[in-house]
Amino acid sequence: MDLPPVNLAELLRHPDDLDKITTLKAEFMRKKAAVDSQLRSGLREQLETTQAGMNGLSEGQKTVQQIKEEMMKIDKICSESQDMITDFATINLVSQAHRNFGAVETMRRNLETFSERLDTIDRMLNEDDEDPENMPNLLAIHYELTQLRNIRDDAIEQIQRGDDPGLQSTLEDYFSRLDKYIEWFDVNITLVAMSLINLVIADNNSLVVRFALIIEAEEKSDQRVLALQEALKDHKEMATRFQSITDGAKTVRGYKDKFLKAIKTFAEDQFKESKEKFLGDPDMLDKSLKWYFNDLNAVKIGMTPLMPKKWKIFKTWATIYHGLMHDYLIRLIDDPETSSAHTLAIISWPEAYYRKMTKLGMKQDELTPHVIDNREAELVRDFRALIIKFLDEWIDRIYKQEVKDFTDRNVEGGNLDQDEYGYFRTKNLVDLWRMLREQVDAAGNSKRVDVVEGVIDAMFQRLRTRQQSWQKMLEDEAARYELQPPQGQPELDGFQPLQDWLVATANDQIACIDDNEDEGRMAYLSDFRRKFSPLVSPQYMDRAEAEIAALRDGYVDLSTWCMTKFAQLVFAVDFRTVMPDFFTPRWYTTNAMARMIATFEEYVSDYKMVLHHSLVDIFIEIFAEELLIRYLSSVRNKGAKFRSQDNFQDKIYDDLSTAFDFFNNLPNPDVGNAIKETWRVSEPFLQLLEVNKEAVPDAFAEFKSQYWDLQISWVEAVLRSRDDFERSMLNAVKARAAQMDVVRGPETIMSKVK
C-alpha cells in the first residue's frame, strides 16, 4: 500500500510546532498499526491463496499424469486389439467410414435446417423485444444460438482442415446471417445485466435466474475451451487421435467477463449522476451515493440466492463497486476544479463508508485499496494550508494598507479613526479581527478538530508576528527623529502625526484585551477565544490558554512600548537642546525643569481625551521615569561639574521641588505617590555629591544596599563630576563594592541609569 510521503519540514515549520510531536507520533503510530494490520491480513490472504493454488497445481499435475497414463493405456490397448482381431484394419476402415457418413448426414441436416432455425430465433427475439421486462424466450434463444454457433464452428473447422479457401468463403457467407442474431442476443444479455438490480427489486427472479444459467453455461464452456486448448498445446501428438472430444465451442465467448463489465458500466453511469449532484452541493456526498449501498444491499439479500454460490456474487459485486468508489473519489481529489468544501466532505467520507460496508458484511481489510489511499492526513494538511494561505494573504494585504496609511500620515486631517469614546484608533484593526473570525468559521466548517487547531496555531503565530512588525515599523520611523544631531534645526516633518500613531497603536492594543464587563462588551482577543474554543479539543485548549496569555502580555507590552517611545521622542525632539545643559554652568542660570514639566503638561492635556483612559496614568508614570533616568544620566553631559561654591544642592532641590509639585497635583494621588517614591533615588544621588571625600565609600555602600543594580560606571561619572574628585575616591568605592555581598532583588530604576 502506497502512502503519501510525510514532509516533516512542513509539519514542524515553527518552534511552537514541536508541541505537536506527541500528537503527530500518536497519529503516525495509529496509521502504522492500521497499515500493519492490513499488511498482515493481506499477507495471510495471499499465503492462503498461494497455498490453495499450489495444492490445486499439485492436484492438477496428478490428474494430468493420470489422464496421460490412461490415454497411453488406451493407445496401447488399441494397438494390441488390432493384432488380436482378424481383419481389424478393414473393420476400422468401415467403422470410420460409417462415422464419417453419420457426421456428414448430421452436418447436411444441420445446414438444411440452419436458416429455418434462424427464423425461429428471429421470431423469439422479436417476442422478447415486445416484452423486455420478462424476455420469456431468453433461455431458449441462448440454447438455439449455442447449437448454431457450434454447427458453424464445426463446419468451419472441417473446411479449414480440408484447405479449400473458396469453399470456406462460401460457407462463411452462408453463416453470416447468424452474426446478426448473436449481436441481437448480446444486446439483450447486456440489457438484462445492466438491469439486474432493478429486476431483483421488482422480484423478477425468473429472468435473473435464466440470465445466471446462461452466464454459468457460458463460463463452463469457456473453461472447457481453455482447458482443451491448453491440453492440445501440451500434447500435440495426441490431438489428431482425439478430435472427437473437441465437439462444441471452439473459442472463448467471454460472457462472464461481459457480465462483470456490465456491472461496472451500470455503476459508472450512476457515479456520473452522483458527481453532478455532489459538485452542485458538497453536503450531498452521502445522499448522492445512497444508490451505492442500496445496490449492494439488493445484491446481498435478493440476488445472492439466485446466483451460483461459487460466484460469491455479493463479494464480487462489492469488490467491483469498491474499486469504482476508490477511482471516483481519487479523481475528485485530484480534480483542480474540486473546491475545498468538496475535499472536506471527501476527507470525512471514509469513516462513514467503511461503517456502512461493515454493516453489509464487508470488512475494511477486505476492501482494497483504501477508498482514498489513506490520504486523509495529506488532504487535511492541504486544506489547513489553504486556509492559512488565505489568512496570510489577508494579513499581508491589511498590513500593506496599514504601512501605506502610516507613510501617508501627513495628509490633510490625518488618516486615523476615532472610536465611540473619542480615542485615536487605526483603521484596519476591526477588519483584521473580522477576517480572523471568518477564517475560524471556515476551519470550523470542516468539522475536523485537527484542521481548526492547525489554523488557530497559525493565527497565534501571525498575531505575535504582527505585534513585532508594528513595533519595528514604529521603531524605524522614530529612529529618524531620535538620531538627529543635537546641532541645527530638527526635522519635524511627520513628527506630530507619528505621536498620534503611537497613541492610536497603544489604544489598539488595549482594545484587543480590555473586556468591558459593565457594558457587556468583550475585547477582540476574548471574543476570538470564545469563537474557537467550542471547536477544539480540551487538551488543545489548555495550550491555547497559554497562547492567549502570551498574546495578552504582548499587547500590554506593545502599548507600554508606544507610551515609552512617545516619551523618548519628546526628549529627543522637544528637549534635545535642554538636556545637554543639565549640571553644566548654563544649568544654574536657567529654569529647564519647569519648562520641561510645562511642556509635558501640555502633552497630557492634548492627548488625555484621545488616549485610552487606562493609559493616561501609565503615560505619566513613563514620562516621570524617563525624566528621572535622563536627569540622573546628565552627570555625563559635557562640562557637567558640581562646585560647592555654586550651591548646586539648592539647584537640585529646586528641580526636584518643581517635579514634585507636578506629581502632587496629579488627578490620581496613587500615581503621584508611586512616582515620588521612585524619585526618592535622588536622595542617595545627592549624598554622593555632598559628602566629604572620606565618606564617599559609605554613601556608595548605602546607595548600593538600597539599589542593588546600581552601576559602578555611573557612580564613577558622578564622582568625576565633583569639583574635588580624586582617583583615590574611585578606588575606595571599587574596594568597598568588592567587599559587599549584594542581595539581588526586583529591578530598580538604577538598572536603567547608565
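Analyst: Start with a network: D334, R375 and E378 are linked by salt bridges. A salt bridge here is a side-chain nitrogen of Lys or Arg within 4 Å of a carboxyl oxygen of Asp or Glu. Side chains of opposite charge can pair when their charged atoms come close. Two notes on the source. This is a predicted model, in which local features need pLDDT of at least 70 and side-chain atom pairs count only at pLDDT 80 or more, while totals for chains, interfaces and linings use all residues. Residues are numbered from 1 along each chain as its sequence is written, and side-chain values use heavy atoms, with hydrogens and water left out.

User: How many salt bridges does a search of the whole structure find?

Analyst: The search finds 39. Take R543 and D457, whose closest N and O atoms are 3.3 Å apart. This pair links distant parts of the chain: R543 is in helix α20 (residues 538-574), D457 in helix α17 (residues 449-482), and they are 86 residues apart. Helices are DSSP runs (H or I, at least four residues), as are strands (E, at least two), numbered from the N terminus.

User: Which residue pairs with K565 in a salt bridge?

Analyst: The partner is E475, at 3.2 Å from N to O. Again the pair links distant parts of the chain, with K565 in helix α20 and E475 in helix α17, 90 residues apart.

User: Is K565 buried or partly exposed?

Analyst: Read the relative accessible area: buried means under 20%, exposed over 50%, and partly exposed in between (1.4 Å probe, protein chains only). K565 counts as buried because its relative accessibility is 5%. E475, at 28%, counts as partly exposed. In the other pair, D457 is buried at 12%, and R543 is partly exposed at 22%.

User: Where are the members of the E726 and K693 pair?

Analyst: Both are in loops. E726 is in the loop between α27 (712-720) and α28 (727-739), and K693 is in the loop between α25 (682-690) and α26 (696-706). Their closest N and O atoms are 2.8 Å apart. E726 is partly exposed at 36% relative accessibility, as is K693 at 29%.

User: What about a polar side chain: which residue does N150 contact?

Analyst: A polar contact is a pair of N or O atoms within 3.5 Å; within protein, one must be able to donate a hydrogen and the other to accept it, and residues adjacent in sequence count only if both atoms are side-chain atoms. The side chains of N150 and R253 are joined by one of 3.1 Å. N150 is in helix α4 and counts as buried because its relative accessibility is 15%.

User: Which residues make the nonpolar surface patch?

Analyst: L139, V209 and L213 make it, over about 200 Å². L139 lies in helix α4 (residues 138-162) and is partly exposed, at 33%. Patches are made of residues with over 30% relative accessible area and no salt bridge; like charges are joined within 9 Å, nonpolar side chains (Val, Leu, Ile, Met, Phe, Trp, Tyr) within 5 Å. Areas come from the Shrake-Rupley method with a 1.4 Å probe; for residues, only the protein chains shown count as cover.
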